[in-house]
Amino acid sequence: MKILFTSSIAARPAHFKMEDFEGRRKYNKVRAYNVSKLGVNMAYLEAKAECEGTSLLPLLVHPGICYTPLMEKAYPGKVLTLLIKKFIRGFFNDALMGALPALFAMQECVEESEFIGPKGIGH
């Protein structure tokens, strides 16, 4: 049985700070998202270690850079949000393409725990 953990390349710049775990001192939406994805990565690594030698196969997937309404919901009506939307839509994947790594991970040919998603510049 496969267990999918959906992460993001946004986890890369994340820094976990135990002293402000909930972001109460200085909350930032982007930082909170990045840290949440770092948490997914950490949960995956723990599951990978715990599932070794069992029939469970944890897999970490990421969609790459995709256009979704998430940015618009986080920052409604902002000029920067509109510019980012146009840029991302023009150069990166839509949400349907972003789902492909998860669909690929479920294929029978994936038999060992790994990080699955687009690679290279822009992902």
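Me: Tyr44, buried or exposed?
Reply: Tyr44 is buried, at a relative accessible area of 5%. Keep in mind that this is a predicted model.

Me: And Phe5, what does Phe5 count as?
Reply: Phe5 counts as buried, because its relative accessibility is 16% and the cut-off for buried is under 20%.

Me: How many aromatic pairs does a search of the whole structure find?
Reply: One aromatic pair turns up. It is formed by Phe5 and Tyr44, with ring centres 6.0 Å apart and planes at 70°, so the geometry is edge-to-face.

Me: Which parts does the pair tie together?
Reply: Strand E1, where Phe5 lies, and helix H1, where Tyr44 lies; the pair therefore links parts 39 residues apart in sequence.

Me: OK, the sheet. What is the strand order?
Reply: The order is E1-E2-E5, in an open sheet of three strands with parallel pairing.

Me: Which strands stand at the edges?
Reply: E1 (2-6) and E5 (115-116) do. Each has a single partner strand, so one side of each has no neighbour in the sheet.

Me: How many bridges between E1 and E2?
Reply: Five, in the parallel sense, with E2 covering residues 57-61. Leu4 is opposite Leu59 of E2.

Me: Where does H1 pack?
Reply: H1 (residues 29-51) packs on the sheet and touches E1 and E2. The direction of H1 makes about 155° with that of E2.

Me: Which residues of H1 are buried?
Reply: Asn34, Lys37, Leu38, Val40, Asn41, Tyr44, Ala47 and Cys51. The cover over the buried residues of H1 includes E1 and E2.

Me: What should H1 span, and what is the distance between its end C-alpha atoms?
Reply: With 23 residues at 1.5 Å a residue, H1 should span 33 Å, and its end C-alpha atoms are 33 Å apart, which agrees.

Me: What follows H1?
Reply: Gly53 follows H1, and its phi is positive, near 85°.

Me: Last topic, cores. Which residues make up the largest nonpolar core?
Reply: Six residues do: Leu57, Leu59, Val61, Ala105, Val110 and Ile116. E2 supplies the largest share of this core, three residues.

Me: What is Ala105 in contact with, leaving aside neighbours within four places in sequence?
Reply: Ala105 is in contact with Lys2, Leu4, Leu59, Val61, Val110 and Ile116.

Me: And the second core, what does that one include?
Reply: The second core is separate and has five residues, among them Phe5, Val40, Ala47 and Leu60.

How values were computed. Residues are numbered from 1 along each chain as its sequence is written. This is a predicted model: local features need pLDDT of at least 70, side-chain atom pairs count only at pLDDT 80 or more; totals for chains, interfaces and linings use all residues. Side-chain values use heavy atoms; hydrogens and water are left out. Two strands pair if DSSP finds at least two bridges between them. Helices (H or I, at least four residues) and strands (E, at least two) are DSSP runs, numbered from the N terminus. Contact means heavy atoms within 4.5 Å. Axes are lines fitted to C-alpha atoms, for helices over the stretch in contact, and angles run from 0 to 180 degrees between N-to-C directions. A nonpolar core is a set of buried Ala, Val, Leu, Ile, Met, Phe, Trp, Tyr and Cys residues joined through side-chain atoms within 4.5 Å. Buried means under 20% relative accessible area, exposed over 50%, partly exposed in between (1.4 Å probe, protein chains only). The expected span of a helix is 1.5 Å times one less than its number of residues. Rings of Phe, Tyr and Trp (its six-membered ring) pair if their centres lie within 6.5 Å; planes under 30 degrees apart count as stacked, over 60 as edge-to-face and the rest as tilted.
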